[in-house]
Amino acid sequence: MSWLLHMSDPHLGDISPGQALDDEKMLLDQPDLETTQRVFKRTLGTLGEFVRTHGKPSVVVVSGDLTYRSRDSGFTAFIALLADYADILPDDPSMIVAVPGNHDVAWELPAGDPRRYEGFLRATRGQGCATPLLDGVDFAADDDDGTLLAGAGDLPHLVVDGNDMLVIPINSSNYCGTVVDLRGGWTAAEWDAALTPLGGAKDEALQQLDRLRRHDISRVSRPQVAALGRLFEHLGEARSREAGDHRVRIAVLHHQLLPVSMREERTSFEAIVNLGLVRETLRSYDVDLVLHGHKHESGIYWDAAGPSAPSLDVGVRRMLVISSPGRFEVGSPVMRALRLTGVPQARSMRLSTFLGSSPHRRNAQIEPDEPHVPLWLGAMDAESSERSLVRAASAHLAYSRLQRLHEVRDPTLPMRNLVCQVDDPGDAGRLPPDYPSVGSVRSQAWFDDMVKWWQLERSQLVERGLLGFNHGERIYKRWGDQVKRAAHLLDVREDSSRALIQLVAPRETGRYLNDERPMEDGTFPAFVLAEFSITTRDGFRYLDCFGYFRKQELRYWWPVNVAELARLQEAVWAALPEDKRPKIGRIVTFSAIALWADALPRVAVPEIDRLVDEPDRLWSLAAAIAHPSSADADAAAEWERILADLAGDGRKRPPQPKLGIARLLLELDRVATVATSTHLDPVRAALKNLATQHEAHADGELNVAAAKLVKAAVDELRTAVERALSNVPSTTPPAP
């Protein structure tokens, strides 16, 4: 999986003020003086083991201040650093991103003068590294259209890491160290004339005046913003994320967007002066993550960039902002690894913070708290901490995001009030591609059968009292055809909110003291009700579906429930008059309590029991054993699913069928009266043995010992079935 190494503000080269870490009360000639630079390089050198485990970083980001006060010694030291640590840096130098900091530009030159960047460019672009578009170098500093100068668009200004990352470097240091003239104040010539009477002291006074007028201004110029758009066009990149583009968009600049510490700073122009333009630019480019340095503070927070025109009806863009540490002391945060996890359409990110290493350490020391952040939250509307909301264009994308939501929270605690909106449920009937891969549970046939059984209008298992309920019996039969009633209500008055399908009667909940079936004895679904409404959006009418669940398991059962809702939605749609049918709209699930199981829940009816309601399929299974030469691939696949399910694939323990085994035995007995296959008796004997094992524990759940016996009986049955389907002569004597 791709990962990014983020570091900032090393201030390499000659030792600058504040970099010495040793006590200097005694002025000794100390060649091994401990400095921030030594700690920085030493920590970088300890990443070997991390690189061996995770591979080299896909991208390295250095968010400014390679040197101190634009000293050549620092730029030369950075070139040496690229060579000295090549074993832990990307092989391709264009995957190393460096942006200029306020110490990397020449202050004595005006903004937009290309000479300001000569040292920085020698150390970075001259070594093949990626850099931002620079004012006066890649575009004319006074060109509001941002026209790229010749060849500028072909240099590495964007970093693309396959389908994982798109890194956008931005220059915020073009105005650092520039002279500010006060409005209505004297010009430079007027000051020179006014100070002439000072004689020999005039030059010193002008120098002091220059210090007062020169400011460290962080700003992103309008021409750079325009040039960035030109660059995207030149490279064929879309400014806003297009459908199917799941790359994490990462912006890199030197200066902070918002304060990252409680320290007070009384410096003029302390923040980006045109921050509104910068944040709007980041929003328009769908940036997910912002990396910066400058403050030498370790920080991470969500920034919500709203639209330029104030509106509470427009969703904000949530961007994760990470400030690189830069104090470089032993045991303190020095640099970070940002590792991408999850599927492309729902990326999460794990942060590993490397602490400053002392000379005795050979491997990196990592801060024990490694945050795991769901980056995909940035693509959603702002949400408060009081509720959980997942919204996605499709059911499969929503399911991926639900999984990532589970990843980054305490799995032992249920979620409350989870709302999940699927804008287009067209894929709800298909098994999600990242559904747990456990035996037959991962098959589309299993999924189709499970959804179909839960929507059956009539099930023998429910009628016989062997199972408490399914959903279809309550929807279509127990209280009449509720689908037709819902469609009728929408037809009569489409803005009605009464198009409800309910699956629970008040009596079943034990609501009243005189109920015949009090709460502790009753049984009813967790799926409480479904509501349908016709709404108008973008000039079109849509049939929306809302399902409420008092409790819902997400990992295995949310896809099944959504597929059921999609079936009901289509049934209501089909029951409407043809000339009044709207488009199929969204599906929204509301889960009062949302759980995440590590195995199939008990409501997953065993496949062999579900076949009780499809006797033709039971007959086909028996016929395949009696006539293996004519058995087709579907029968073999069905046998395999049943055997895997009986063995407990995807479950904590094997399921306990209620009626299916007995019905399959009856079919085998029937076929035995008209067939002479030698394989029938071994399969019947193994199936009877399995039935005996289950009968012994019919009044309770299987314990560990019983589960082993059941699995052994299933293995015996599997052997007999496989021999039969492959038409291997049986060695088992016929039953008397």
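This is a predicted model: local features need pLDDT of at least 70, side-chain atom pairs count only at pLDDT 80 or more; totals for chains, interfaces and linings use all residues.
Visitor: Leaving aside neighbours within four places in sequence, which residues is Ser-16 in contact with?

Guide: Those are Tyr-68 and Arg-71. Ser-16 itself sits in the loop between strand S1 (3-7) and helix H1 (36-45). Helices (H or I, at least four residues) and strands (E, at least two) are DSSP runs, numbered from the N terminus.

Visitor: Is Ser-16 buried or exposed?

Guide: Buried means under 20% relative accessible area, exposed over 50%, and partly exposed in between (1.4 Å probe, protein chains only). Ser-16 has 6% relative accessibility, so it counts as buried.

Visitor: How do I read a pair of helices, say H19 and H20?

Guide: Start with the axes: they are lines fitted to C-alpha atoms, for helices over the stretch in contact, and angles run from 0 to 180 degrees between N-to-C directions. For helix H19 (residues 680-695) and helix H20 (residues 704-725), the axes come within 8 Å and cross at roughly 165 degrees. Angles under 35 degrees count as roughly parallel, over 145 as roughly antiparallel, 65 to 115 as roughly perpendicular and the rest as oblique. That's why H19 and H20 are roughly antiparallel to each other.

Visitor: Which residues meet there?

Guide: Among them are Pro-682, Val-683 and Leu-687 in H19, and Leu-709, Val-710 and Leu-717 in H20. By class, the H19 contact with H20 has 12 nonpolar, three polar and one charged residues. Here Ala, Val, Leu, Ile, Met, Phe, Trp, Tyr, Cys and Pro count as nonpolar, Asp, Glu, Lys and Arg as charged, and the others, Gly among them, as polar.

Visitor: And how do I read a sheet?

Guide: Look for pairing: two strands pair if DSSP finds at least two bridges between them. Six strands make an open sheet here, ordered S4-S5-S8-S9-S11-S10, with mixed pairing. Its edge strands, S4 (159-161) and S10 (299-305), each pair on one side only.

Visitor: How many bridges link S10 and S11?

Guide: Seven, in the antiparallel sense, with S11 covering residues 317-323. Gly-299 has Ser-323 in S11 as its bridge partner. Helix H8 (residues 275-284) packs on the sheet, and its direction makes about 85 degrees with that of S10.

Methods: Residues are numbered from 1 along each chain as its sequence is written. Side-chain values use heavy atoms; hydrogens and water are left out. Contact means heavy atoms within 4.5 Å.
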